[in-house]
Amino acid sequence: MNKIEIFPAIDLYSRKVVRLTGGDFEKIKEYGDDPVETALSFAEAGARWIHLIDLEGAEKGSPVHLKELEKVAASTGLPVQYGGGLRTEEDVALALSSGAKRVYLGSLLFKGSPRTLWKRFGNSIVPSVDVKNGTVALSGWTEVTQLPPEEAITELLRIGYSTFLVTSVSRDGTASGPDLKLYENLTKTNGHILAAGGIRDKKDLSDLSKIGVSGAVLGKSIYEGTIDLREAVEEFGIC
């Protein structure tokens with residue numbers, strides 16, 4: 001079995017830890033009001049990374065949780081990957097200077113110049129390929145393009161990008177199981193695929209490991225207790 005990187009997720013809205021269901025901002029559930037405390041619990045469970053999602057930033061089109069990013073990075077000492085609402089190069093630079101090890105981008109990358117971003121930031125950028133109804137979605141999942149995810153990743157690989165965060169939007173926050181067919185197809189591109197959306201238990205992690213993904217983002221499953229983060233890290237995680 002291939003070991004994979006486990007990314008416990010902290011979704012932020014109004015400075016609270018939340019989750020959406022199916023990417024719907026009308027279906028929001030709170031899981032706490034202290035993201036630093038949540039991040040420290042993940043670190044104590046053995047996580048090597050923190051996956052921070054600025055949902056409010058994604059909705060509004062500019063980052064609004066950079067202070068929380070700074071606090072999480074400083075308090076845990078863990079690398080943090082951060083995304084949501086980063087729509088300019090200055091936003092990217094600010095997130096990196098606020099403590100992000102790397103940032104994940106969708107709208108800025110696909111609407112702007114991925115070559116220019118690569119030249120300035122290199123591997124500090126993880127392309128965020130959010131898949132909704134079979135094509136890439138942008139702008140906080142509110143805008144759907146005609147671009148297939150395989151085509152998007154293949155083109156970005158040519159530029160130099162290597163790691164891709166792929167979210168199955170309709171399954172995000174549902175704990176209904178990952179879209180294994182989607183991920184299996186995308187691993188054939190030879191990109192390093194980080195799977196997000198729908199992961200509910202250790203069998204899902206085992207299935208994702210078998211098809212060759214490089215990492216898995218865990219959200220609702222750890223907040224609802226269907227996955228024990230410590231066990232997941234010990235059994236499936238890269239040491």
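**The contact of H8 with H9**

Modeller: Leu180, Tyr183, Glu184 and Thr187 of helix H8 meet Asp207, Leu208 and Ile211 of helix H9, where contact means heavy atoms within 4.5 Å. By type, the residues of this contact comprise four nonpolar, one polar and two charged (Ala, Val, Leu, Ile, Met, Phe, Trp, Tyr, Cys and Pro count as nonpolar, Asp, Glu, Lys and Arg as charged, and the others, Gly among them, as polar). This is a predicted model, in which local features need pLDDT of at least 70 and side-chain atom pairs count only at pLDDT 80 or more, whereas totals for chains, interfaces and linings use all residues. Residues are numbered from 1 along each chain as its sequence is written, and side-chain values use heavy atoms, with hydrogens and water left out.

H8 spans residues 180-187 and H9 residues 202-211; their axes come within 9 Å and cross at roughly 25°. H8 is therefore roughly parallel to H9, a term for angles under 35 degrees. Helices here are DSSP runs (H or I, at least four residues), numbered from the N terminus. Axes are lines fitted to C-alpha atoms, for helices over the stretch in contact, and angles run from 0 to 180 degrees between N-to-C directions.

Leucine 205 touches Ile4, Ile6, Ile199, Ala216, Leu218, Ile227, Ala232 and Phe236, leaving aside residues up to four places away in sequence. Leu205 is also among the residues with the most contacts inside the largest nonpolar core, which has 59 residues. Such a core is a set of buried (under 20% relative accessible area, 1.4 Å probe, protein chains only) Ala, Val, Leu, Ile, Met, Phe, Trp, Tyr and Cys residues joined through side-chain atoms within 4.5 Å.

Definitions and conventions
Buried means under 20% relative accessible area, exposed over 50%, partly exposed in between (1.4 Å probe, protein chains only). Helices (H or I, at least four residues) and strands (E, at least two) are DSSP runs, numbered from the N terminus. Angles under 35 degrees count as roughly parallel, over 145 as roughly antiparallel, 65 to 115 as roughly perpendicular and the rest as oblique.
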